[in-house]
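The tour moves from one selection to the next.

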Amino acid sequence: MERDLSSMVPVGTITSITRLHMLCPICGKPDWCYASAYISRRTGRKVVYFGCMRVQNSPQFVNGTDGQTYKYIGLSKDGQSGKYVPAAHRDCNAAEREVTKLVPVGIIDPLPDEEQDRRNRYILKKLPLEKSHREYLKSKGWTDEAIDWLGVKTWPADDWIRRKYPHRFRDYIPTRSKIANWVEKECGGCLGWYGSYLKPWKGQEYWYVAGHSGLCIPMPSIDGYIGALRNRRDYQDVDLKLRLDNGVLTFDDPSNGKGYVDWSGVHHGDGSVIRELNIDSKVINVDGKYRTIASWYEDAAARERGELRNSLKKGVRCLNRISVYGLEFRSNPMWIVTEGELKAALTAWFYRCPVVSLPGVSNVQLIANAATLTKAAQLGMKLMAVAYDMDKVSNVNVLQMEKKLIDTLRMFHVPVVTAEWDGTRQKGIDDAVSHGVRVSFHAPD
Ligand SMILES: [Zn+2]
């Protein structure tokens with residue numbers, strides 16, 4: 001651990017050891033475990049620690065596979081991992097000194113969902129759906145009827161990227177400045193809307209909007225408001241000279257021949273996915289397919305001081321939230337829970353029942369809480385079917401999270417079943433329903 005991990009591991013968030021290209025010093029494996037950091041209250045210094053997902057019975061000291069001795073400082077909040085710091089570290093007796101709460105500074109409160117809805121609906125009505133985006137959805141089992149029902153649209157690339165690479169983007173797609181202008185002039189203003197922030201320009205500033213180029217997916221709340229919008233990235237907004245080569249967007253990859261860009265990301269010539277691009281000493285993050293549209297870019301330096309700050313002026317953070325698709329099918333007493341907005345929406349359309357999307361399999365409490373379940377019951381929900389991806393049979397984490405969701409729903413006296421289908425070909429329930437594969441429902445063990 002003599003590498004300077006400190007600069008690579010932010011305070012209060014987890015960084016997978018896979019991403020750090022190292023082995024977990026506690027169990028010696030290259031995956032599952034993570035590094036994180038806290039600020040010692042005594043010295044004000046940053047302390048990097050490891051969260052090991054495999055360690056058993058939390059021994060007080062572990063002889064690390066890197067030769068150092070590690071000291072146990074506690075269990076992670078979800079109880080899934082034991083946290084360890086190098087025992088030689090001066091701040092290792094520090095479980096109670098861990099900074100868990102950052103002090104918010106200058107944070108803008110988001111508008112209520114009703115007001116977000118007004119702005120989001122206006123924009124969605126104005127935005128087109130680009131032909132290539134419709135084709136992508138159709139390749140994923142969507143029909144034109146389903147696409148128009150959901151109202152998914154095309155979110156533009158940054159204005160400066162469009163100016164820099166004009167041949168790559170269609171002129172009829174509104175610019176981001178235009179979108180901000182609509183919200184400011186026609187919808188009651190930008191302040192507090194998840195999408196907008198103030199951008200400096202020639203000594204002045206103007207409202208602008210965040211997000212990535214790609215699909216713009218409505219995120220309806222359980223109250224029926226389009227409370228937020230989500231991007232499925234198309235990766236066309238990378239700051240690279242792309243050219244069309246036999247129908248594939250390619251670029252000169254300095255490290256690995258001819259790179260290319262498609263819906264699964266930005267790739268090296270050998271096909272491996274690039275997570276961070278380092279171009280002209282500027283690091284561009286090209287990791288992750290889905291992002292909620294929010295004008296939030298956390299100030300990393302402030303976090304190191306124990307503060308929560310947005311580096312986008314008057315921008316707004318959007319906390320993780322569920323979406324509920326197909327509320328108009330609520331005469332069906334069965335609701336389905338799955339992970340991912342497009343998946344949930346397509347399932348709702350084909351299955352004709354309300355489908356809840358969790359923003360990640362581990363975000364169980366976002367659905368399994370008294371307020372949400374009471375509301376769902378009022379809307380007619382009598383049974384929840386959990387439909388996590390069928391790779392759960394090989395993914396321990398998904399399986400554990402499914403069990404946690406089932407247990408928590410039962411705690412609230414909600415009848416639960418699990419949805420099962422032949423997962424050898426169709427991983428997600430959306431693949432199964434759109435391919436006409438039989439889905440059966442079982443009482444969980
Ligand atoms: Zn480990």
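Select Trp 32 and show its surroundings. Leaving aside residues up to four places away in sequence, Trp 32 touches Met 53 and Arg 54. This is a predicted model.

Stay on Trp 32. It sits in the loop between strand 1 (15-16) and strand 2 (34-39).

Trp 32 and Arg 243 are 211 residues apart in sequence. Through space, their C-alpha atoms are 37 Å apart.

Next, colour by domain. There is domain 1 (5-100), domain 2 (102-232 + 292-319), domain 3 (239-285) and domain 4 (323-442). The centres of domain 2 and domain 3, taken over C-alpha atoms, are separated by 25 Å.

Move on to the sheet with strand order 22-24-23-25-26-27. Its six strands form an open sheet with mixed pairing. Strand 22 (323-325) and strand 27 (440-442) are the edge strands, each pairing on one side only. From one strand to the next, the twist averages 30 degrees.

Zoom in on strand 23 (residues 334-339) and strand 24 (residues 355-358). These two run parallel and are joined by four bridges. Pick Ile 336: opposite it stands Val 355 in strand 24.

Last stop: select helix 7 (residues 341-351). Which strands does helix 7 lie across? Helix 7 lies across strand 22, strand 23 and strand 24. Against strand 24, helix 7 runs at about 170 degrees.

Conventions
Residues are numbered from 1 along each chain as its sequence is written. This is a predicted model: local features need pLDDT of at least 70, side-chain atom pairs count only at pLDDT 80 or more; totals for chains, interfaces and linings use all residues. Domain bounds come from an automatic or database domain assignment. Two residues are in contact if their C-beta atoms, placed from the backbone, lie within 7 Å. Two strands pair if DSSP finds at least two bridges between them. Axes are lines fitted to C-alpha atoms, for helices over the stretch in contact, and angles run from 0 to 180 degrees between N-to-C directions.
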